[in-house]
Amino acid sequence: MKFKKSIILILCVLSALLFATGCSANTEYDFTGMVKVTFYLEGGEYRNCEGVVNYYYDFKPGESKRIKNPAAEKNVSTIDGKFVDSDVKRDGFVLEGWYRSKTETDGAVAYEGKWNFETDTVTSEGVELYAKWDPYIKYTYDICALDESGAPVTDADGNYLVLGSYIVKEGDGFAGDLLGYKDKRAGYTAVKGEDGGWFYNADGTPWDEEFKHPGGEKSTAVPVFVHYMKGSFEFVYTKEELLSYCKRAPWNNAFNPIGINLRADIDLGGEEFAGFPNFAGIFDGNGYKISNFKLKYGNQKTDLKTDYDLDAENNQLHISLFGGLRSADIKNVTFENVQIEVAAPYAGTKLVFVSPFCLKARDSKAENVKITGEIKEVTFFDGFDKESSYIAALSGNTLLPIPKIDGDKNFRNSTFTNIDLGGMIYTAL
């Protein structure tokens with residue numbers, strides 16, 4: 001018998017009865033008249049004790065009472081009724097229960113008379129109980145990662161990177177990523193397959209929905225893979241997904257770091273579209289186009305802005321598909337049949353800035369972007385001076401800095417390659 005501590009004495013109320021516990025009886029304490037309940041740990045450990053744990057109950061003479069399970073003294077986790085996280089533990093095993101007797105024949109140990117703590121009671125004679133342990137066999141589906149090339153992501157030891165696990169029973173199928181582990185790989189975005197599914201085998205083939213966990217005599221983890229691309233963005237396949245993205249984006253003065261990966265042509269059917277006012281992510285059009293929309297913007301007093309990069313004047317009206325770019329990367333996309341109607345009805349408007357692509361950029365780049373459609377002047381308030389207060393960044397096929405301000409200030413550390421605005425028709429009042 002081995003002891004890490006000579007005795008633990010705990011006094012508390014159990015069914016209005018006083019009891020005490022200890023790793024073993026110790027003459028330092030007087031348990032005279034108490035009912036002794038002995039728990040043989042059978043290779044396990046209780047708190048700081050190994051070997052034997054004694055509980056002492058102060059029952060009244062002639063009473064027959066239930067006793068406390070030392071494995072249930074705190075909120076614990078169980079698998080099929082077996083304790084896997086409690087004060088009574090054994091590495092690699094789960095506690096199946098406590099038994100009245102133990103026999104050993106030719107090295108084989110058998111336990112009989114399982115104790116029911118809900119119904120069984122002890123008398124003044126007490127009782128001895130033996131822990132029965134089962135190997136801790138755990139069956140799981142593990143959410144793992146495929147990199148951009150389709151190869152499994154591993155750690156330094158060659159083990160799969162596991163983002164989360166689901167404990168299941170033998171014969172269970174993979175029920176899906178109920179806790180969203182696929183979305184919790186920092187700095188990466190999960191990629192939906194062409195078949196609309198998220199999950200794969202290690203070789204990149206789609207996950208078989210009919211697969212069942214094989215179980216077995218030892219713990220078995222079945223990996224389920226998710227394909228990832230580096231960066232934080234949303235995959236957009238439909239008009240609804242595009243509009244939903246824009247509604248959830250933190251516009252106003254914030255720069256949205258969540259990018260877009262366009263996966264199909266999207267026709268907005270002539271609807272108003274607010275565009276991407278301040279953008280700081282990756283927008284990869286993958287050669288697709290967003291078409292047939294009217295650029296939506298605010299032109300009332302409450303919509304006007306102050307931007308010292310553009311001008312020191314306040315009450316500025318900004319009209320652009322992308323307002324400002326910051327550490328952004330926009331590429332391989334066409335915006336087709338974009339209708340921009342320039343209207344400045346509020347008399348307090350001091351400056352009107354119009355650019356079909358963006359108004360300013362910092363530490364950003366854009367390449368292979370094409371915009372077609374029409375910029376049409378609709379209305380200006382009486383007295384508006386177009387010569388001094390109206391600035392349009394459009395000249396043939398070239399994206400220009402806002403002419404009123406030095407380009408190095410508006411487009412700091414930014415590069416634009418193959419930006420085609422030649423398909424924009426300009427119609428003045």
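Select Asp 309 and Lys 360. Both are buried, where buried means under 20% relative accessible area, exposed over 50%, and partly exposed in between (1.4 Å probe, protein chains only). This is a predicted model: local features need pLDDT of at least 70, side-chain atom pairs count only at pLDDT 80 or more, and totals for chains, interfaces and linings use all residues. Residues are numbered from 1 along each chain as its sequence is written, and side-chain values use heavy atoms, with hydrogens and water left out.

**Stop 1: around Lys 360**

Stay on Asp 309 and Lys 360. They form a salt bridge, with the closest N and O atoms 3.1 Å apart. A salt bridge here is a side-chain nitrogen of Lys or Arg within 4 Å of a carboxyl oxygen of Asp or Glu. Asp 309 lies in the loop between β22 and β23, and Lys 360 in strand β25, so the pair ties together parts that are 51 residues apart in sequence. Helices (H or I, at least four residues) and strands (E, at least two) are DSSP runs, numbered from the N terminus.

Which residues belong to the network built from salt bridges that share partners? Select Asp 307, Asp 309, Lys 360, Arg 362 and Arg 412 to show it.

Now keep Lys 360 and Asp 307. Their side chains also meet in a salt bridge, at 2.6 Å from N to O. Lys 360 sits in β25 (residues 351–362) and Asp 307 in the loop between β22 (289–295) and β23 (316–326), so this pair links parts that are 53 residues apart in sequence. Asp 307 is buried, and so is Lys 360.

**Stop 2: Glu 96 and Lys 114**

The structure holds 17 salt bridges. Another one joins Glu 96 to Lys 114, and its closest N and O atoms are 3.1 Å apart. Glu 96 is in strand β8 (residues 93–105) and Lys 114 in strand β9 (residues 108–114), so the pair ties together parts that are 18 residues apart in sequence.

Lys 114 counts as partly exposed, at 45%.

**Stop 3: Thr 372**

Go to strand β26 (residues 365–380) and pick Thr 372. Thr 372 counts as buried, with 18% relative accessibility. Show what surrounds this residue. Leaving out residues up to four places away in sequence, Thr 372 touches Phe 335, Glu 336, Asn 337, Val 338, Gly 423 and Met 424. Contact means heavy atoms within 4.5 Å. Zoom in on Asn 337: the side chain of Thr 372 reaches the backbone nitrogen of Asn 337 at 3.0 Å.

**Stop 4: two asparagines**

Most residues other than glycine have a negative phi. Select Asn 413. Its phi is positive, about 50°, although Asn 413 is not a glycine. Asn 413 lies in the loop between β28 (411–412) and β29 (415–427). Asn 413 is exposed, with a relative accessible area of 65%.

Next, select Asn 418. Where does Asn 418 sit? Its place is in strand β29. Phi of Asn 418 is near 55°, again a positive value in a residue other than glycine.

**Last stop: the whole protein**

Zoom out. How many helices and strands does the protein have? There are three helices and 29 strands. Buried residues make up 42% of the 429 residues. Of the contacts with a separation of 6 or more, 69% come from residues 24 or more positions apart.

Methods
Polar contact = N/O pair within 3.5 Å; in protein donor to acceptor, adjacent residues only side chain to side chain.
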